[in-house]
Amino acid sequence: MSTVAANDMNDFLAAEMKHFQSQLNGEVSAPINCIRKEAFDRFNELGFPTMRHEEWKYTNLGQILNQQYELARASFLPEDFFNQRPFADIPANIVVFVNGFYSTEYSTIIDDVSSIGIHSIAKLRMEKSELLTAHFSQYAPYTNDALTALNTAFLLDGLLIHVPKNAQVKHPVIVYHITEAETAAPFIQPRTILLLEEHASVQVLEVALSFGQYQSFTNCVTEVHVGANAKLNYYKLQHEAAHASRVDFTRIVQERDSTVNTLTVTTQGALVRNTLQFYLNDQNTTTYLNGLYLTGKDSLIDNHTLVDHAMPHCYSNELYKGVVGSNGQAVFNGKVMVRKDAQKTNAYQRNGNVLLSDEAIVNTKPQLEIFADDVKCSHGATTGQIDEEALFYLRSRGIGVDVAKTLLMQAFAAEVLEMIDDEAVKAGLIHLIENRIATL
Amino acid sequence: MADNLGILDEVTNSEYKYGFVTNIEMDTAPKGLNEDIVRFISAKKKEPEFMLEWRLKAFRYWLKMEEPNWQNVSYPKINYQDIIFYAAPKERKKYNSLDEIDPELRKTFEKLGISLDEQKRLSGVAVDAVFDSVSIATTFKEKLHEAGVIFCSMSEAIETHPELVKKYLGSVVPYTDNYFAALNAAVFSDGSFVYIPKGVRCPMELSTYFRINAENTGQFERTLIVADDSSYVSYLEGCTAPMRDENQLHAAVVELITMDHAEIKYSTVQNWYPGDKNGKGGIYNFVTKRGACLGNHSKISWTQVETGSAVTWKYPSCILKGDYSIGEFYSVAVTNNYQQADTGSKMIHLGKNTRSKIVSKGVSAGFSHNSYRGLVKVNKKAVNARNFTQCDSLLLGDKCGAHTFPYIEVANQSAQVEHEATTSKIGEDQIFYCNQRGIATEDAVGLIVNGYCREVLNQLPMEFAVEAQKLLAVSLEGSVG
């Protein structure tokens, strides 16, 4: 296993790609491998983004690319660590990935296979599955995004969830992405594909955790297709160690009358970059985007969202909030695009930030691009601090400064979590966030 | 760039052949741009050595730069070798009476409510003795002189107050700032210079209109306004009357400087030729405007009404360096037919307790595109900085576009920054309400747009505001129905 020296990440990747291709055996000429090769060529053309790219203006990827990594291999997971996981007491379909590889040992599916198909991509590849070939790289284009291209090029394992027509999945699906960084610094590239057919409905909760003292770098790509009149609740909790880094690219394509609720909660991380894109492919869709970022010491959390209204009569509502303490940096870029024919679009967006220290930095850019006239669009962004009067009110009732501040921040953050339907998931998240806020 | 350099060499060489340098007497520089043209302009204006040095430095820097392409407007590439960079003021065609003027132009004048005398002046009709703009200007000059205010053309200022020019010119917008600022520094022909001494409240609204020699200041204008401690000045630029101009590229630079407790209010009404209905022709208005609040408790306020030009691309900005300093930006940008506007403001908070406010109202009609692009930056040391930004867009028709690109960068926990934006169209019920009361649809649109822009128009000096209101209605003519 080779490791990398400081700045030749590219050489490292080229060598790894060669090695990777030599191990594929019978898959070399498969359609999926053609996509891999094209994606790698595209990655080489694009190169890693720098701060000169408008989309990466405030986020310097260089600092995590300069580390030494190992391409992740299937790894171990101590039982103790697994047992202490969040949401352990919720009855759910549990899917576990360790360093991007599906763990049959820990995963348990409780719902009937007629209502949901949960597959490891590695297994589907072996079986030469039609499902995988038909949907892989169909919704998350890599042509303009170097990291998505890189993920596509190194496709090995990941998760494919398929909910057939009219199926209402009873229990939530909780996907644990666990990073083991105890023996080396892993470079992990998982892929998730979520497919909801017509009238299907499911709730997916993704939880990223990590252990070990080494750095880690996860570059994950999620592609989602939501069929007509289907409903998806898709929540992400990024709860890795403070020295873990993650670049997450998610693209969701929505068909007619479908509803998607997303929530992205980032509690910490050295560098976390979330790109969440919605492509509204047909009329009358509903989309909620919610996000919460808690940025502490030596941490940079970046959220880039795009809602692309291509068709009329769609509704989108976005709320992202952040608490930035210590020398943390938060970046928010929310873009709403209303194309020419997307009349009667309602698109709302709000971003709120609280700064806790003079070292903290917030860079926000709410962006609207509108080409249709009969629309209602608005956006708002605020950056401020804890309300002095509210603080005084609490203190006058005998609550200490620190407790009062924590209370107010918890209340500030709680608004984002309001939209979660599932009470058990909501309670679990609130508990976790409250603990984290107290440490900021 | 390599190509340009090739052409440049060619041009330079060929001009030497004809002994270009000795040809100082001529009034118009040959087409194109090279060091000799810069020297020619400087010599023509009898500038001191330091100005020539500065121009040349700017020119050399410009050669190394590339034309920016990040903006949300598109226009055919400008050929800088096809422009005449210096031309002495031309005599305008004189008319004997208003009847000889283009009736279209007269109609517009009437709609704007411009007085007959003024109409004559603007269209170049010989003015009678009663309304002699020169004599009025002279009276004003005396009054200003009494107060100690220096108000003259830039060339005059370079001659009479070189120390002030040397100290402040380029201090807010250095030639290294951007492509067009460098170009302007190298070849600017003239502009206005204002200096308000300590404790003086300028007795009147200053305007380019009243400055003798203001005509034909050319396409590369340079304005510098310095307000010393506790002084106040309100400056008007532009005119509501439609301006026909031969020059296609306008790359002006405006620099404002305020010292302790000083205030500058800068208002612009821009109504240059926007091109015809099909988007042919029209002016490119690429202007760099920036003010520096150097002193404590100082204030700079920009107000602009932009209705003309094929392409408008400018961001009047404030650098809030002094503690307790205030920056304001009020803007109405109206685009119709194929016009494009990419405008907004930058507020850079450096000092303590600084405040800024941005109110931007965009109206797009026809096939036009209107963008707001702004930056609010709160520096680490800017304790208690406060900003409020509101940018609204109004869309008339489904073929136009409205875009917002606000950048907000905050690095201080005590800062309070708010941004809000909305995009909407004129409600059918609003139009119906007006129709019901006998107001034609076109007039109703004018009425509603005026109400929507009121917050900005209120900032304009009284008589300007009235004209600006009418101007909005005229600009949107033909956009409904």
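The model is predicted, so local features need pLDDT of at least 70 and side-chain atom pairs count only at pLDDT 80 or more, while totals for chains, interfaces and linings use all residues. Residues are numbered from 1 along each chain as its sequence is written, and chains are lettered from A in the order in which they are written.

**Chain A**

Select 9-282 as domain 1 of chain A and 388-440 as domain 2 of chain A; such bounds come from an automatic or database domain assignment. The centres of these two domains, taken over C-alpha atoms, are separated by 31 Å. Their contact takes 14 residues from domain 1 and 11 residues from domain 2 of chain A, where contact requires C-beta atoms, placed from the backbone, within 7 Å.

Next, select strand 9 (201-211), strand 11 (231-238) and strand 13 (259-266) of chain A: each supplies at least two residues of the side of domain 1 that touches domain 2. Strands are DSSP runs of E with at least two residues, and helices are runs of H or I with at least four, numbered from the N terminus.

**Chain B**

Move to chain B and colour domain 1 (2-64), domain 2 (93-104 + 113-131) and domain 3 (134-427). Between domains 1 and 3 of chain B, 15 residues of domain 1 are in contact with 13 residues of domain 3. Helix 2 (35-44) and helix 3 (49-64) of chain B are the elements giving two or more residues to the domain 1 side. Finish on helix 3 of chain B, which provides the largest share of that side, nine residues.

Conventions. Contact = placed C-beta atoms within 7 Å.
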